[in-house]
Amino acid sequence: MVRFVEENTKHMEKETGNISNTDVTTVKKKALQDLNINNGVNSWVDSMRACSPTHLKSLMKRSSWLTEHPSALDMFGEILHVSEGKQIVMFLDYDGTLSPIVDDPDRAFMSKKMRSTLRKLAICFPTAIVSGRCREKVYNFVKLTELYYAGSHGMDIKGPAQGSKYKEDKSLLCQPATEFLPMIDEVYQKLVEKTKVTPGANVENNKFCASVHFRRVDEKNWSDLANQVRSVIKEYPQLRITQGRKVLEIRPIIKWDKGKALEFLLESLGYANCTDVFPIYIGDDRTDEDAFKVLRDKRQGLGILVSKFQKETNASYSLQEPHEVMGFLQRLVEWKQLISGA
Ligand SMILES: [Mg+2]
């Protein structure tokens, strides 16, 4: 890296004649910054490719990966066994978990069958949807008043509209990033303007965060789009960029993520420091790893990664796609109905 900077500085000296020590320091600093920034952009794009894999190689490696992260459907009996005597609490991501990933994020509808399964699930267990989308948007997809909703990566949490048999306080609301709302609005507008030169780029305002979707952008333009996002966000040190499945997400630098949302909800439900609770978190994305990690660190409950491909994960089990998630949820409902004599 130092050699790169020195060569770059020499090149500048050649181009511009002799330059002062201050200029040299500035040039070195700038070159280092650019290098770091470019490394950042490259690593986002590389990570995005890695978590949106389409290559046969990944498929072939899946069989060995499955040994470490077996199918939650195959291991259903074992999961019931370890949860025995504990209150199961369900946490579900939305995109790619309950609904398929589609090119147009506004059309990520879930099936009627999935909705019906979720309704039954919420009768059997406290159930929360934890999504990167804004809470209102994810509610409009799910349309079930019985659930808890944690939108904007858990930065906007609300309890069941009709109350819940698990929670007396019907006004449960947690919005730890309210002060950032005007900034996110401003950044959203700038991102829309900046990225409109990239065909297929789509910017979504998720209230407490903004998402730049790469789903309809040709892969050869991913680096350009990531650079456009970076050029807007570098003016905002209070915001950070995280990367998910064909998406870059811009959110406030606060210590809050899906893992914190999971802890907050468990606490709100009266299960803080309880040993007789068994949270199950199902998600498909990098951002869900924060929740998987909380469960793994607490040695409590379990995480299930939804993926057809092998991925680095803190989850213990796996399911291939939303259809399998529905199968798993149905089996949980049937088991609960059976033991309750319903
Ligand atoms: Mg997802």
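Strand E1 (residues 87–92) and strand E2 run parallel and are joined by three bridges. Strands are DSSP runs of E with at least two residues, helices are runs of H or I with at least four, and both are numbered from the N terminus. Strands count as paired if DSSP finds at least two bridges between them. Phe91 has Ala128 in E2 as its bridge partner. From E1 the chain crosses through helix H5 (residues 112–124) to E2, and this β-α-β crossover is right-handed. Right-handed means that, with the strands pointing away from the viewer, the path from the first strand over the helix to the second runs clockwise.

This is a predicted model: local features need pLDDT of at least 70, side-chain atom pairs count only at pLDDT 80 or more, and totals for chains, interfaces and linings use all residues. Residues are numbered from 1 along each chain as its sequence is written.

E2 also pairs with strand E3 (residues 148–151), in the parallel sense, over three bridges. Here Val130 stands opposite Ala150 in E3. E2, helix H6 (residues 135–142) and E3 make another β-α-β unit, and this unit is right-handed. In a regular strand the side chains alternate between the two faces of the sheet. In strand E2 (residues 127–130), Thr127 and Ile129 point one way, Ala128 and Val130 point the other way, and all are buried. Buried means that 20 or more other C-beta atoms lie within 10 Å of the residue's own; exposed means 12 or fewer, partly exposed is in between, and C-beta atoms are placed from the backbone.

## The eight-stranded sheet

These strands belong to an open sheet of eight, in the order E5-E4-E3-E2-E1-E10-E11-E12, with mixed pairing. Strand E5 (173–174) and strand E12 (317–319) stand at the edges; each has a single partner strand, so one side of each is left without a neighbour in the sheet.

E3 pairs with strand E4 (residues 156–158) in the antiparallel sense over three bridges. Ala150 has Ile157 in E4 as its bridge partner. H6 packs on the sheet and touches E2, E3 and E4; its direction makes about 135 degrees with that of E3. Axes are lines fitted to C-alpha atoms, for helices over the stretch in contact, and angles run from 0 to 180 degrees between N-to-C directions. Two residues are in contact if their C-beta atoms, placed from the backbone, lie within 7 Å.

## The four-stranded sheet

Four strands form an open sheet with antiparallel pairing, in the order E6-E7-E9-E8. Its edge strands are strand E6 (202–205) and strand E8 (239–244), each pairing on one side only. The twist averages 20 degrees from one strand to the next.

E6 and E7 pair over four bridges in the antiparallel sense. Asn202 has His213 in E7 as its bridge partner. The two strands form a hairpin with four residues between them. In its turn, Lys207 has a positive phi of about 70 degrees. Strand E7 (residues 210–213) also pairs with strand E9 (residues 247–252), antiparallel, over four bridges. Ser211 has Glu249 in E9 as its partner. Helix H7 (residues 181–195) packs on this sheet, touching E6, E7, E8 and E9; its direction makes about 15 degrees with that of E7.

## Helix H7

H7 has 15 residues. Its buried residues are Ile184, Val187, Tyr188, Leu191 and Thr195. Seen down the axis of H7, they fall within an arc of 110 degrees, so they line one face of the helix. The arc is that of the directions from the helix axis to the C-beta atoms. Their cover includes E6, E7, H8, E8 and E9. The face turned away from the buried side carries the exposed residues Pro182 and Glu193.

In H8, Trp222, Leu225, Ala226, Gln228, Val229 and Val232 are buried. Seen down the axis, they fall within an arc of 155 degrees, so they too line one face.

Ser223 lies in helix H8 (residues 222–233). Ser223 counts as partly exposed because it has 15 C-beta neighbours inside 10 Å. Leaving out residues up to four places away in sequence, Ser223 touches Val41 and Val45. The C-alpha atoms of Ser223 and Asn42 are separated by 6.9 Å, although the residues are 181 apart along the chain.

## The whole chain

The chain has eleven helices and twelve strands. Of its 342 residues, 41% count as buried.

Methods
Expected span 1.5 Å × (residues − 1).
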